[in-house]
Amino acid sequence: MTVSSGSAGWYLRRLSRMGPREVGGRVADAVRRRRWRSARPDAPSVTGARFTAVLPAGTIAAVPPDAAKRLVAEADRLMSGRAEYFGVERDDLADPDWFLDPRTGRRAPSVYAFDVPYRDEEAVGDVKQIWELSRHHHLTVLAAAYALTGDERYAERVAAHLRSWWAANPPLRGVHWTSGIELGIRLLSWVWVRRLLDGWPGAVELFEGDPVAHRQIWHHQRWLAAFPSRGSSANNHVIAEAAGQVAAACAFGWFPSSARWRADALRSLERQLRANTFGSGLNRELATEYHGLVLELGLAAVAEADAAGAPVPPSVRLVLLRMTDALAAVVDNRLRPPRQGDADDGHGLVVDGAGTDRWGSLLATGDAVFGRLDWWPAVTGADVRTPLLAALVRPYAKGAAATAVSRPASRPDHFADAGLTILRGPREIWCRCDGGPHGFLSIAAHAHADALSVEVRHDGIDVLADPGTFCYHGQPDWRRYFRSTLGHNTLQLDGADQSVSGGPFLWTRQARSRVLVADAGASGGGTARWCAEHDGYRPSVHRRRVELTAASRELRVVDEVRGPRRAVRLAFHLGPAITADLTGHRAELTWTRDGEDRSASLDLPGQLSWRAHRGESDPPLGWYSAGFGRKEPATTLIGTGFADGTEGFTTVLGFRG
């Protein structure tokens, strides 16, 4: 059954996940939207505007040459009109249509913003495709290329695109005024565009001297102050809204409301960062890419406040510190973090070219701002963003001023509050075990039905892979598959998901998991053990045990189902680099890493009947999504049979060489 996010049934299900306070706030929002339809005030006049939040002298010279070269190459590609967004190549960016979805060819209507049915792909197109270009990350790349080279062609293209966008998107008209996260990230981009264009003769005329720019900036900030994400929607979106508001109110503090907007946004940032982050430092959405997005946004907001001399609540830096240490703890030897939950390739600030390691960049910035710990993995790549942010952020307190801050003395492997455990073995075996909450807040918008799933890598290669996300809107069958129980390395009963979906970003019943054992002994040469269970198939209970033995380089997974006889499907999704030869209940796995042949054997439970699936579409099965909007065939092994509670299902993955 297709669940629409615009049907009456969806609205009722969505309403059922809200508390009274949230309902009241949303009613007030609806009244305000109706009032704003006819009452659109002019922005206050601005005189004597100045931009003082410039980069300190020598900052640009500190950018590593390799990172600068990648950035300029990316800018030159943009100058030729070419870019790729979510798997779709575009060649029309010299003079873009800001309302075009290049995937479907549809254009979003230019009507009052709150009349745009942005969830309806038939009416609007793929809204992610439309929104992404208007986050103006491509303009920060072009502006950075100007700062690095002094070539005014980059600056002139930035100015042309901004003026084109401002003319096509007057306040409160069209799809780009419908979502707060878009406005927040766009404001952050504009601040950095102005900063990176400093020194270009046209910069003052483009921003401080242009009433159109003043009007756009003021209306963006007014919108964010009026319509914050609230209640069950206060996830990464509210962080982006607060970060964008902080950035603009600090750097473009030209309006009577600027001081109030800045203070309110800093308070919101403090409150929401704490609310969105476990004490261990992991993001509560349990979607790793959103951990990265929130960390980027938080660091960028702190940079703006520090540059403006605005006091930042101490807990903001503390949360960002813990998030950085947590990221350093969970990455594999190639600096790849878990592929958990939703991922949409979202970024807070883009000033780097293609090929820059996002996670290495974040760790490099963390090192520059907070200082690395001895157990952190080495970061060998270089990026543009780190020296730019580090030049603005006040150095983190050291010595006596930081005695109240406790950082891990050794690399954490178990995050009890998040239910995430990393088992590590010799020759760079990495295994993530999931025994945590289903997701964040009552709707768990970015969660997948993946309780007790495992993800296994060997030297950074996905062996047992989390297939990813692929899409959000417009392709319900694919959205349903990639967030389903069958779409993960776990066990499904009676053909149903462990948690019940009420829409593409809504879960109406959530499985509850608990970790029973977490002992990462393999990293010290012994056997690492993990055990957890969940109640998503009540009255049955699914319990899984995982053991990683260092000496034999063997991973053993035992699944038990306690309760009445149920139909079982046990799934193991192989990474796209893995070739599998399945015979009976044994699969021989082969792959190549850096020119070296690697192999493993996967002995599967003999009580089940096993079949390999690859690239099937009706229904979807056997796919891997490396990034949003992109998918490729990969082998999935499915075992079918019955569980009667008398014996477990044992799977053994043995690495060779």
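Tutor: Helices (H or I, at least four residues) and strands (E, at least two) are DSSP runs, numbered from the N terminus. This is a predicted model, in which local features need pLDDT of at least 70, side-chain atom pairs count only at pLDDT 80 or more, and totals for chains, interfaces and linings use all residues.

Student: Does Leu286 count as buried or exposed?

Tutor: Leu286 belongs to the loop between helix H12 (258-275) and helix H13 (288-308), and its phi is near 55 degrees, a positive value in a residue other than glycine. Buried means under 20% relative accessible area, exposed over 50%, and partly exposed in between, with a 1.4 Å probe and protein chains only. Because its relative accessibility is 7%, Leu286 counts as buried.

Student: What is the relative accessible area of Leu335?

Tutor: Leu335 is not a glycine, yet it has a positive phi of about 65 degrees. Its place is the loop between H14 and helix H15 (358-370). Leu335 is buried, and its relative accessible area is 9%.

Student: How are H8 and H10 oriented to each other?

Tutor: The axes of helix H8 (residues 180-196) and helix H10 (residues 211-226) come within 10 Å and cross at roughly 140 degrees, where axes are lines fitted to C-alpha atoms, for helices over the stretch in contact, and angles run from 0 to 180 degrees between N-to-C directions. Angles under 35 degrees count as roughly parallel, over 145 as roughly antiparallel, 65 to 115 as roughly perpendicular and the rest as oblique. H8 and H10 are therefore oblique.

Student: How do the residues of the contact of H8 with H10 divide?

Tutor: Contact means heavy atoms within 4.5 Å, and it is made by residues including Leu183, Arg186 and Trp190 of H8 and Ile217, His220 and Trp223 of H10. Ala, Val, Leu, Ile, Met, Phe, Trp, Tyr, Cys and Pro count as nonpolar, Asp, Glu, Lys and Arg as charged, and the others, Gly among them, as polar. The residues of this contact divide into six nonpolar, five polar and one charged.

Student: Which strands stand at the edges of the sheet?

Tutor: Five strands form an open antiparallel sheet in the order S3-S4-S5-S6-S7, where two strands pair if DSSP finds at least two bridges between them. A strand with a single partner has one side left without a neighbour in the sheet, so the edges are strand S3 (414-415) and strand S7 (461-464).

Student: Which residue in S6 is the bridge partner of Ile429?

Tutor: Strand S5 (residues 429-434) runs antiparallel to strand S6 (residues 454-458), and five bridges join them. In S6, the residue that bridges to Ile429 is His458.

Student: What angle does the direction of helix H14 make with that of S4?

Tutor: Helix H14 (residues 314-330) packs on the sheet and touches S3, strand S4 (420-425) and S5. The angle between its direction and that of S4 is about 40 degrees.

Student: What is omega for the cis peptide bond that joins Arg538 and Pro539?

Tutor: Pro539 is found in the loop between strand S12 (527-534) and strand S13 (541-549). The bond from Arg538 to Pro539 is cis, with omega at about 10 degrees.

Definitions and conventions:
Residues are numbered from 1 along each chain as its sequence is written. Side-chain values use heavy atoms; hydrogens and water are left out.
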